[in-house]
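Good morning, colleagues. Please take a moment with the sequence and the structure on the screen, and then I shall take you through a few of its local features.

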Amino acid sequence: MDKILIQGNSVLNGIIPISGAKNATLPLMIASLLTHESLILENIPRLADVFVLQSILSNHGVDYHVMDNQTDGSNLTGRRVKFCAAKIVNTIAPYELVRKMRASFWVIGPLLARMGVATVSLPGGCAIGTRPIDLFVESLNALGAKIDIDSGYIVAKAPKGLQGSYYCFPKVSVGATHVMMMAASLANGETIIENAAREPEISDLAECLNKMGAKITGIGTSKLIIKGVSSLHGTTHTVLPDRIETGTFAACVAMTGGDIFLKNARSSLLKQVLDVLATSGTCIQEDSDGLRISRTDSIIQPILVKTGPFPGFPTDLQAQFMALATRADGVSHIKETIFENRFMHVQELTRLGANISVNGQTARVIGVNNLSGAPVMATDLRASMSLVIAGLGASGETEVHRVYHLDRGFELLEEKLSAIGANIRRVRTST
Ligand code: UD1
C-alpha cells in the first residue's frame with residue numbers, strides 16, 4: 001500500500017487551484033440516471049470516489065465519456081465528462097460496488113423515480129459512526145414508495161410512480177435531502193421538504209436539476225418546493241469549488257505560516273471556517289477569483305470549533321482544524337455534533353506529540369511547542385488530512401500509511417502541496 005512521507009516545518013507560499021467539490025460531483029453524476037439524455041459535467045475532480053461511482057453507474061447502463069481533461073499546463077484542473085443513461089439496464093446496485101462508497105446508495109432515488117423499482121445494497125463508507133438510513137426510508141415512503149429490507153438490500157417499489165408529498169426531516173441529512181430532491185423531481189405533483197440540508201452541494205444539485213427541466217424553488221433554504229415533471233432532459237453544468245479542500249489548504253498554511261492563493265475558492269461557501277481561521281491569527285483576503293490565506297505571526301492562537309449542518313462549521317473540516325489546534329498557544333475546544341465517532345484521528349495525532357483529551361463529543365486540545373514526526377495510520381478520508389497537516393507542522397519525518405483514504409477525496413494532493421513548497425512525496429508499493 002502507498003504511503004506519504006512529509007518533512008515538516010517548510011513555510012508554504014504559492015498558488016493552489018481548488019478542484020471541483022467531491023460532495024457535489026457524486027450526486028450530480030447520480031442525477032444522470034434521471035434522464036435518457038446526456039448530462040455533461042465540467043470541473044470533475046480525479047478522485048477514487050469518482051472512479052468508483054463511474055463503475056457503479058456503468059452497472060446501471062450509464063455510458064460515460066471523458067471529453068477533455070481541461071488541463072491548464074499544470075495538469076491541476078478538472079475533467080469534463082459526458083454521462084448518458086439512454087437506457088437503464090439494471091436496477092440493482094450490488095453490495096460489492098455499494099460497500100466501497102456510502103454515497104453510491106443514493107442511486108436509489110433516481111432509479112426508483114425513473115424505473116419504479118430499485119434494489120440497493122445497504123451502504124458502507126467511512127467508519128465515522130453508525131450512519132443509519134432511516135431518513136432515506138421515511139422520506140421515500142412519504143413519496144409513496146413501498147420499502148422492504150431483504151438480505152442486506154433495500155427493495156424500493158413505486159410501480160405507479162412516486163407521489164408528491166410533504167415531509168419534514170427530523171434531522172438534517174445531506175444524503176437523504178439529495179435523494180428526496182432527485183426522486184421528487186419526477187414525482188406526480190408537488191413535494192415540500194422541510195428541514196432540508198442547506199449545504200452548497202445541495203444547491204448545486206438543485207440548480208443542475210432545474211437546468212434539466214426540474215422545478216425546484218427555495219434553493220439554499222431549509223424549505224424546498226419541488227413541482228414534479230414527467231421527464232428531465234440533458235444539460236451542461238460546472239461543479240462548484242470544493243469548500244472542504246479550500247478549508248484544508250487554508251489550515252495547512254495556518255499551521256506552517258506563509259502566504260498562499262486558493263484559486264477559485266469562494267468565501268461564501270465556508271464563512272464559519274474562515275471566522276475560526278481568523279481567530280487563529282491567520283489573514284484572509286477575498287479576491288474576484290479566489291482567497292488569499294497568510295500567516296506571518298509566529299503564534300497560532302487557540303480556536304473554538306463546533307461542527308453543525310451548513311452554514312455551521314463542517315464536520316469534514318473538524319479533524320484538520322484539530323491538527324492546527326495541536327500547535328496553538330493555549331487550549332482549544334472542538335465539539336463534534338454530526339457524527340458520534342469522529343475522533344479517531346486523536347490517537348494518531350497523539351503519536352506525533354499532540355496533547356488531546358476527549359470527553360464525549362468534545363476534544364480539549366492543549367497546544368504544544370513542538371510535534372515530532374512519526375509513522376501514523378490514516379483512519380478515514382478527512383482524518384487522513386489532519387495527519388498530513390500535523391506532519392507539515394512537525395519536526396522530522398512523518399509517514400502516513402493507508403493513504404487510499406486520501407485518494408478518495410483530495411485531488412493531486414502531493415502535487416498541489418509540493419507546488420507551494422511542502423516537502424511531501426508518495427512512496428508507491430505494489431502490495
Ligand atoms: C454527507 C457528506 C459527508 C459529510 C456529511 C455531513 C457526501 C458524499 N458526504 O454525508 O462528507 O460528512 O454529509 O455533512 O456528501 N443520519 C441518520 N439517518 C439517515 C441518514 C443520516 O440518522 O438516514 C444521520 C447520520 O448518522 C449523521 C447525520 O444524520 O449523524 C448527518 O448525516 P448525513 O448528512 O446524511 O451525511 P451523509 O449524507 O452521509
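This is a predicted model: local features need pLDDT of at least 70, side-chain atom pairs count only at pLDDT 80 or more; totals for chains, interfaces and linings use all residues.

I begin with an open sheet of 4 strands, whose order is E4-E5-E3-E14 and whose pairing is mixed. Strand E4, residues 63–68, and strand E14 stand at the edges; each has a single partner strand, so one side of each is left without a neighbour in the sheet. Direction ignored, neighbouring strands of this sheet are turned by 20° against each other on average.

Let us look at strand E3, which covers residues 38–44. How many of its 7 residues are buried? The count is 6, and the strand is thus mostly covered. With strand E5, residues 79–84, E3 pairs in the antiparallel sense over 5 bridges. Along this pairing, Ser38 stands opposite Cys84 in E5, and Leu41 stands opposite Val81 in E5. With strand E14, residues 235–238, E3 pairs in the parallel sense, over 4 bridges. Here Ile40 is the residue that stands opposite Thr236 in E14.

Helix H7, residues 200–211, lies across E3 and E14, and runs at about 160° to E14.

**A helix pair**

I turn now to a contact between helices. In general, two packed helices are described by the angle between their axes and the distance between the axes. Helix H8 comprises residues 243–256 and helix H10 residues 318–325; their axes come within 10 Å and cross at roughly 5°. An angle under 35 degrees counts as roughly parallel, so H8 is roughly parallel to H10. Which residues make the contact? On the side of H8 they are Ile244, Gly247, Thr248, Ala251, Ala254 and Met255, and on the side of H10 they are Gln320, Phe321, Ala323 and Leu324. By class, the residues of this contact divide into 7 nonpolar and 3 polar, with no charged residue.

**Two buried residues**

Asp49 belongs to helix H2, residues 48–60. Is Asp49 buried or exposed? Its relative accessible area is 2%, and the cut-off for a buried residue is under 20%, so Asp49 is buried. The side chain of Asp49 makes a polar contact with the side chain of Lys22, at 3.4 Å. If neighbours within four places in sequence are left aside, Asp49 is in contact with Lys22, Leu26, Met101 and Arg408.

The second example is Ser332, found in strand E19, residues 331–335. Ser332 counts as buried because its relative accessibility is 0%. A polar atom of the Ser332 side chain lies 2.9 Å from the backbone nitrogen of Ile303. Not counting residues up to four places away in sequence, Ser332 touches Pro302, Ile303, Ala325, Ala363, Arg364 and Val365.

**Backbone features in loops**

I close with the backbone. Where is the cis peptide bond I wish to show you? It joins Phe310 and Pro311, with omega about 10°.

Ser151 is not a glycine, yet it has a positive phi of about 50°. Ser151 lies in the loop between strand E8, residues 146–150, and strand E9, residues 153–157. With a relative accessibility of 69%, Ser151 counts as exposed, the cut-off being over 50%.

Arg402 is not a glycine either, and has a positive phi of about 60°. The place of Arg402 is in the loop between strand E25, residues 397–401, and helix H13, residues 404–409. At 35% relative accessibility, Arg402 counts as partly exposed.

Thank you for your attention; I am glad to take questions.

Technical notes: Residues are numbered from 1 along each chain as its sequence is written. Side-chain values use heavy atoms; hydrogens and water are left out. Axes are lines fitted to C-alpha atoms, for helices over the stretch in contact, and angles run from 0 to 180 degrees between N-to-C directions. Angles under 35 degrees count as roughly parallel, over 145 as roughly antiparallel, 65 to 115 as roughly perpendicular and the rest as oblique. Contact means heavy atoms within 4.5 Å. Ala, Val, Leu, Ile, Met, Phe, Trp, Tyr, Cys and Pro count as nonpolar, Asp, Glu, Lys and Arg as charged, and the others, Gly among them, as polar. Buried means under 20% relative accessible area, exposed over 50%, partly exposed in between (1.4 Å probe, protein chains only). A polar contact is a pair of N or O atoms within 3.5 Å; within protein, one must be able to donate a hydrogen and the other to accept it, and residues adjacent in sequence count only if both atoms are side-chain atoms. Two strands pair if DSSP finds at least two bridges between them.
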